[in-house]
Amino acid sequence: MKHLLSAADLSYEEAILVLDTAKQLAAATEHGVGKLPPLRGRTVVNLFYEDSTRTRISFEAAAKRLSADVINFSAKGSSVSKGESLKDTALTLEAMGADAVVIRHNSSGAPHRLANAGWISGGVVNAGDGTHEHPTQALLDAYTLRNHLRNGEGDLKGVNVTIVGDVLHSRVARSNVLLLNTLGAKVRLVAPPTLLPYGVEDWDCEVSYDFDASLEGSDAVMMLRVQRERMNAAYFPNAHEYSSRYGLSVTRMNRLSESAVVMHPGPMNRGMEISADVADSQRSVIVEQVANGVSVRMAVLYLILGGSESK
Amino acid sequence: MTSYVIKDVTILDGKPTDIVVKDGVIAQIGSGLTADQTVDGSGCIALPGLVDLHTHLREPGREDAETVLSGSRAAAMGGFTAVHAMANTNPVADTAGVVEQVWRLGQEAGLVDVRPVGAVTMGLEGTALAELGAMADSAAAVRVFSDDGKCVHDAALMRRALEYVKAFDGVVAQHAQEPRLTEGAQMNEGVISGKLGLAGWPAVAEEAIIARDVLLAHHVGSRLHVCHLSTAGSVEIIRWAKSRGINVTAEVTPHHLYFTDEVVESYDPIYKVNPPLRTKADVEAVRAGLADGTINIVATDHAPHPSEDKECEWTAAAFGMTGLESALSVVYETMVQTGLMNWAAVADRMSVSPAQIGRVSTQGQPIEVGSPANLVIFDPRASQEVDARKTVSASRNTPYAGRTLPGKVVATFYRGKPTVLNGELNA
C-alpha cells in the first residue's frame with residue numbers, strides 16, 4: 001500500500017489486512033506497552049487545511065503510539081494563510097523528509113493531486129477531502145461493525161448498514177459505500193432527494209427516501225451530520241422538518257432489531273439528525289468509533305510506511 | 001512581394017493542383033505553375049485560412065498568460081488567419097478605447113486578423129449595456145458582442161441587447177450558463193461528479209438559457225450566436241429552433257468534440273473548463289450536430305492560463321484550456337477520420353461560417369483565383385505528440401499534452417504572406 005486516497009483503493013484482502021492489523025495493534029497497546037517501536041525515525045506530517053480536532057488528534061495519537069515523529073501543519077498559522085500553494089507546501093514537506101503526509105483538505109481530490117503530481121515521494125493518506133472521501137473513517141466504521149456484529153473477525157458479509165442524512169456533501173458516506181461493499185455488507189442510503197448525489201442510482205447500494213421503512217432489517221444505522229445552513233440553500237425547509245423525517249429519535253431506535261447498533265462519525269448535531277437520548281443510549285457505539293479510529297489509523301500508517309522496514 | 005507556388009496540393013476534397021499566391025491574392029490555380037518560392041503540397045490539403053470566433057488573448061491585463069502577439073503566433077501555427085478576441089480582459093473590452101487598443105495590437109502583430117469582441121454589458125456585470133454602438137463604429141468595427149465567461153442571465157437585458165445590435169448587424173454571442181444552477185460548479189453533473197465529490201454543472205443550466213434565448217431571438221427577430229455548446233439537449237434545442245426559422249448559430253469547441261468527463265477522475269485541473277467536459281452521449285451528439293450543420297462552427301475557446309493556475313488542487317484551479325494550435329488536428333481526428341465530415345465541411349465549420357457570423361468579409365472565401373490569399377496547408381499523413389513545453393502560446397495548459405494528434409499544419413498564408421512555412425513559425 002503506497003497511498004490511501006480512496007476506500008476504492010483497498011482490495012478485499014487489503015481491507016481485511018488493515019482491520020486485522022488494527023486489531024493486533026490495539027491489543028498490543030492495551031497490554032501496558034505505551035508505545036510500539038515500528039515507525040521510530042519516520043516522520044509523519046499532519047497537513048490539515050480544515051479545522052478538525054478529532055481526526056487530527058486521532059492521526060497524531062496513532063503515529064506517536066508507533067513512535068513516529070509527528071509534525072502538525074495546519075493551514076491556520078502557517079504560510080498557507082499567506083497564500084502558499086499546495087505545490088510549494090508539498091515541496092517544502094518533501095525537502096524536510098516527510099515519509100508520509102496525512103492530508104485533510106476542503107478541495108475534493110487534493111490528496112490525489114498531492115500523491116500524483118510528482119511533488120512528493122512519500123505516502124499520502126487522505127484524512128478527508130472536500131465532499132469526496134474519508135477512507136480511514138470508513139475503516140474505523142467497518143472495524144467497529146466487525147467488533148459488534150462479527151466478533152471482531154473476518155468480513156461483513158450479509159450485514160445490512162443504513163446510512164442516513166446528507167449523503168450529497170458527505171465524504172464519510174462515499175467511503176463507506178465503497179468499503180462496505182468490498183467487505184460484503186449491504187448498504188442502504190436514506191435521505192431526502194435533495195441530499196442525494198446526482199447519479200446515486202448507479203452506486204452499489206439501495207436508495208430510499210423513507211427512513212421509517214428502512215429501520216427494519218438494519219443491523220447498523222449510521223447517522224450523518226447535517227449542517228443547519230443547508231436549509232438556506234433549500235435542501236430542506238427547516239431543521240424541525242428534517243429532524244422529524246430523517247432524525248434518529250428514540251421511537252425510531254426502538255424499532256430497530258435488538259442487536260442493531262447506532263453510529264455517527266461526529267461531530268453530532270444533537271437534536272438534529274440524532275436525539276441526545278439515542279446518542280447516549282446503549283446501542284450507541286459512537287465513543288467506541290473514536291477509540292477504534294486510533295487503532296485503524298495506526299494500522300494504515302504502519303502498512304503505508306512499510307512496518308517491515310523498521311528495525 | 002515574394003510569390004509562392006504550392007505544388008500538388010489538394011483543394012478540399014478535389015484533385016492535386018498548384019496554387020500560386022501573389023500580391024496578397026490567389027493569382028493562379030492549375031498545373032505546372034511556378035513562382036519565386038515553392039512549397040511542396042503533395043499529400044496535403046488546402047483549406048481557406050481558419051477563423052476562430054472565440055479566442056482569449058488576455059491582453060490587456062493578463063499578459064503573463066498571453067498577449068495579442070503570442071496568441072497571434074499560436075493562431076498562425078494552428079492554421080488560423082483570423083481570431084476574435086474575447087472581451088473579458090482587464091480592463092474589460094466594453095468601450096471603443098479598449099477594442100481599438102486590441103485591434104491596433106493585432107495590426108502590429110500582423111499575423112492574423114484580430115477582431116475584438118465587445119462586452120454586452122459594462123464590466124461584464126450583467127446590469128447595464130456597454131457602449132455597443134461606439135464599439136461598432138470604432139476602428140475595430142466590432143460585430144460580435146459577448147460577456148463570455150459570464151452569462152447575460154437577465155432576460156430583459158438580453159432582449160435589449162439582441163434588439164440593439166440589429167442597428168449595425170451585430171450578434172450577441174451568449175455564454176449559456178444559468179448562474180444559480182451552477183454556483184460553485186466544478187465539473188459536469190453526472191455519475192462521475194457524484195463519485196468524485198465535485199459540485200456539478202448540470203446540462204440543464206446550459207439548455208435552459210439556450211431555450212430562453214432562441215425564443216427571445218425569435219420574438220425580437222434578432223440573430224443569436226450560442227458559444228461553446230456542450231450538451232445533447234442543447235443540440236436538440238438548436239435543431240428545433242432552426243426548424244422554426246429562428247436565426248441562431250452555434251459553436252462547439254474542439255475539446256468538447258474530443259474529451260468526456262471521465263478524464264476528470266485524475267483530478268488534474270488541466271481538464272477543468274467551462275462549460276465542463278460532458279458525457280460520451282453528449283460528445284456523440286455535438287459531433288453529429290456539427291456534421292449535420294445544426295452546430296455551425298468550431299470555435300476554440302482558447303483560454304491560456306499561467307502554470308500556477310493549473311498546478312494546484314482542482315477547486316483552486318482556473319477554468320480553461322488552450323486550443324488554437326491543436327484545433328485542426330482535433331477536428332481531423334474527431335470528425336474527418338471518423339467519416340462524419342469531409343474537408344469541404346471542415347472548411348465551412350472552421351472558416352466560411354465563422355467568418356460570416358463575425359462579418360469578416362476578407363476571410364472564409366473560396367479557394368479560387370482572385371480570393372484573398374488566406375490559406376492553410378495541412379498534412380493529414382503527419383502526426384505529432386503534443387509537448388506542452390513546445391507550445392507557441394505563452395501558456396502551457398493544453399489538455400492534449402502527452403497525446404498524439406494526427407496531422408500537421410505545414411504552412412499558413414495570411415494575406416499572401418507565409419506566417420507558417422515548413423511547419424515552423426515564419427515570423
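Buried residues make up 60% of the 427 residues in chain B; a residue is buried if 20 or more other C-beta atoms, placed from the backbone, lie within 10 Å of its own, exposed if 12 or fewer, and partly exposed in between. This is a predicted model, in which local features need pLDDT of at least 70, side-chain atom pairs count only at pLDDT 80 or more, and totals for chains, interfaces and linings use all residues. Residues are numbered from 1 along each chain as its sequence is written, while chains are lettered from A and ligands numbered from 1 in the order in which they are written.

**Chain B overall**

- Chain B contains 11 helices and 19 strands, which are DSSP runs numbered from the N terminus (helices: H or I, at least four residues; strands: E, at least two).
- Chain B is as compact as a globular protein of 427 residues, because its radius of gyration, 20 Å, is close to the 22 Å of the globule rule (taken over C-alpha atoms; the rule is 2.2 Å times the number of residues to the power 0.38).
- The C-alpha trace of chain B spans about 60 × 45 × 45 Å along its principal axes.

**Strand β8 of chain A**

- In β8(A), residues 220–223, A220(A) and M222(A) point one way and V221(A) and M223(A) the other way, and all are buried.
- In a regular strand, side chains alternate between the two faces of the sheet.

**Partners of β8(A)**

- Strand β5 of chain A (residues 160–164) pairs with β8(A) in the parallel sense over four bridges; strands pair if DSSP finds at least two bridges between them.
- Within that pairing, I163(A) has M222(A) as its bridge partner.
- Strand β9 of chain A (residues 261–263) and β8(A) also pair in the parallel sense, over three bridges, and M263(A) in β9(A) stands opposite M222(A).
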